[in-house]
Amino acid sequence: MSIDTGAPPSPSTQDSEDSRQWTARVRRSAESAFPPDRLLPDRQPAYMASWIYVFGVLTVVSLAWVIITGCVLAVMGPSWWHVSSVGLFVNSLHLWSVEAFFFFMVIHLWGKFFMAAWRGNRRLTWVTGVVSFLVSVGAAFTGYLSQQNFDSQWISTQAKDGINATGAGAVWNVLNFGQMLMWHIVLLPIVVALIVGLHVLLVRRRGIVPPFELAKNGDEPEKAAAGTDPA
Amino acid sequence: MSRGARGRPRFNPDRDVEEWKGAYVPYDILKEAFVAFLAVAALIALLAIVFSSPDEHAVTLKSWSAVDPVDFAQTAVTELDGTSGTATYGPPYNATPDASQHIGFFEPNQWLGVHQPVDTAQDFVIGPLRTLPNQPATQLAITAYENAPAAQQTAWTTAYEKAVANATDVRGRLHVPVGRYGPVGRIIGSLTAMSQTGGLDGTLLSNGQFYNTNYTKPLLFLADGNYLAARADSQHLSGDQWGMMNETGNYPGQAWLWLYTMWYQVPPMNTSSNGDLEVWGIMMLLSLGFVFLPFIPFLRSIPRWTRVYKLIWRRHYRELAAS
C-alpha cells in the first residue's frame, strides 16, 4: 500500500499536453525569468561600488515604513491621531517616512538618470520607476487631503481649480474627504505597491546597468562597437 | 534604428551596453535591506520625536463667523446674489457660461459638465435658513426675497453689499449700517447667527442621510471668503509664496511639487485666466517626456555628455586605468 504524501506528481510524468496549460506556461516563464540566484543574488558586478546604489533600497524600505505606519493609522481610524498623543506620534512617523521616501527616491532617480540606467534593454525599468514616482506624488497628495485639518482644507480648496480645469473634477472631487481617503488608503497604495514591485522585479531580471565603456583616451564613451547587448 | 554592415543594430552608447565580463563581488542583498530598514526606522523615529508633525485645527463656518462676522456676511450675500467665486465657477459646480478654463478649443471641464451641482443661494443661504424653527421673521424675509422680481433682488443685495462693507464687529455680533436692502439684512443676519451657533456646519453637510463624508459645500463656502486665504497667507501657504511646497508651521510640505508650483510663478501662467490648465498641460507633457526619456534622442544623451557618471563609477574607472 502506498501512502499519499499530498505531493503532486512530478511534472516530468505529466502528458505533454499539460505543458500547454496556462499554469505550466506561467511557471516555466517565471522560472526562466527569475531563477533563484537572480531573484536573490549573492554576487554583484564589481562596478556596483558607490553610495548612490544605496538610495534604491532606502526608497523601498522607506515605502515599507510608509505602509506600516499608514496601516497603524488605518487600524485606529482617521480621527485618532488628532486626539491621541500616541496617534500623533504614529502620524509623525508616517509623515517623516513619506518625506524620507521622496528624498531617497528623487536621489535614486537622479542617480539612475546620470547612469543612463535604461541602457541595455532596461527601458521598462526606467519607465516603471518614473511612473511609480508620479503615482506616489498622487498618493501623497491624497494623504494631505485626508488630514482633516486646516492644511487639508487649504490644499483641497486650492487644488480643486487645477483638477477641475483638466475635467478630472467631474469624477475626482478633491473636496470629498471620503473619496480622497479611499484613494489614499486603498487604490493608490495598491498601484504604488504593484508598480514598485514590478520595478524591483525588473531590476532583478535585467541587473544593474554597467558603466559607460570609455574609449582608448579614457574620455568619451565608445561611439560604435559590433552588435548590442540584449542584456 | 540604424544598422551596421551585416544588418545588426549599430551600437548606440545611449541605448546599448557591452556585456559585463569583469569581476563579481559578494553582496548580501537581504542583509543590506534589513540594515536599511532599521536605519530608516531610526531616522524617522528621531525626526518624529524631535519635530512631531503639524496639526493646525480646521476652520469651521462657526469659528469663521465668530472671529470675522463681517467677512462672513460679505461672503454670504455674494452667495445669495450669485456673484461669489463658487456661484460663477462653472463646471463641475454649475453651468455658468464661459467660465471654464480652455486652451483654444480644448475645454475639457466644459465638455464634462456639471457633476457636483451647487446652487449657492439655495444650498448655502436659503435652504439652511428654511430649516430654522420658530423664526417667523426670517421665514417672512426669505419669502419676500424669493417672491421679489430679479431686479428688486439685485437692488437689495447691491445695497446690502455697500452697507456691509462698512459693517462692524462688536464682540462677535454683526452691525450693518442702515440701508435700503429690504429683507436681505434679516436673511444674512440670521445666517450669521445660525453659523455662530454651529448650525450651518451641520446643515451644509446634510445630504438626507445620517453619515456623510463629502465636505464639498462647506469647503466651497469657506473658500469664497477672505478668512481662509488670510490664514493660509499667514502660514506661507499662498500660491505666490510657493505654498504648494509648504506646510503649516515650519514643516516641509510637498517639496516634490517644486516644478509644478514654479510654473504658477512665471508669465504668462501667473496672470492667465487659464493658468491652471496651462500648467497642467505643461506638466503632462514634461511627465510624458520623463517617462519616455529613454526613447527620446538628445535627451537620452545628456547623461553621457554631462559625464556625472564618471563620478558615480570613479572607482571602476580608476581600477580600469590601473589595470
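This is a predicted model: local features need pLDDT of at least 70, side-chain atom pairs count only at pLDDT 80 or more; totals for chains, interfaces and linings use all residues.

1. S1(A) is joined to strand S1 of chain B, residues 24-26, by 3 bridges, and the two strands run antiparallel. Within that pairing, Pro45(A) has Tyr24(B) in S1(B) as its bridge partner.

2. Turning to the interface as a whole, 100 residues of chain A are in contact with 97 residues of chain B. The area buried between chain A and chain B comes to about 9,000 Å², and carbon and sulfur atoms give 69% of that area. On the side of chain A, the residues that lose the most area to chain B are Trp96(A), Phe150(A) and Trp154(A), which together account for 9% of what that side buries.

3. As to polar interactions, the rule finds 27 residue pairs in polar contact across the interface of chain A and chain B, with both residues at pLDDT 80 or more, whereas the count of salt bridges between chain A and chain B is 0.

4. Which elements of chain A give two or more residues to the side that touches chain B? They are strand S1 (43-45) together with helices H3 (54-76), H4 (80-83), H5 (85-114), H6 (123-145), H7 (150-165) and H8 (177-206) of chain A. Of these, H5(A) gives the most, with 17 residues.

5. In composition, the residues on the side of chain A that touches chain B divide into 57 nonpolar, 27 polar and 16 charged; this may be read beside the count of 0 salt bridges between chain A and chain B.

Key. Residues are numbered from 1 along each chain as its sequence is written. Chains are lettered from A and ligands numbered from 1 in the order in which they are written. Side-chain values use heavy atoms; hydrogens and water are left out. Contact means heavy atoms within 4.5 Å. Buried area is the accessible area (1.4 Å probe) that two parts lose on being put together, summed over both. A salt bridge is a side-chain nitrogen of Lys or Arg within 4 Å of a carboxyl oxygen of Asp or Glu. A polar contact is a pair of N or O atoms within 3.5 Å; within protein, one must be able to donate a hydrogen and the other to accept it, and residues adjacent in sequence count only if both atoms are side-chain atoms. Helices (H or I, at least four residues) and strands (E, at least two) are DSSP runs, numbered from the N terminus. Ala, Val, Leu, Ile, Met, Phe, Trp, Tyr, Cys and Pro count as nonpolar, Asp, Glu, Lys and Arg as charged, and the others, Gly among them, as polar. Two strands pair if DSSP finds at least two bridges between them.
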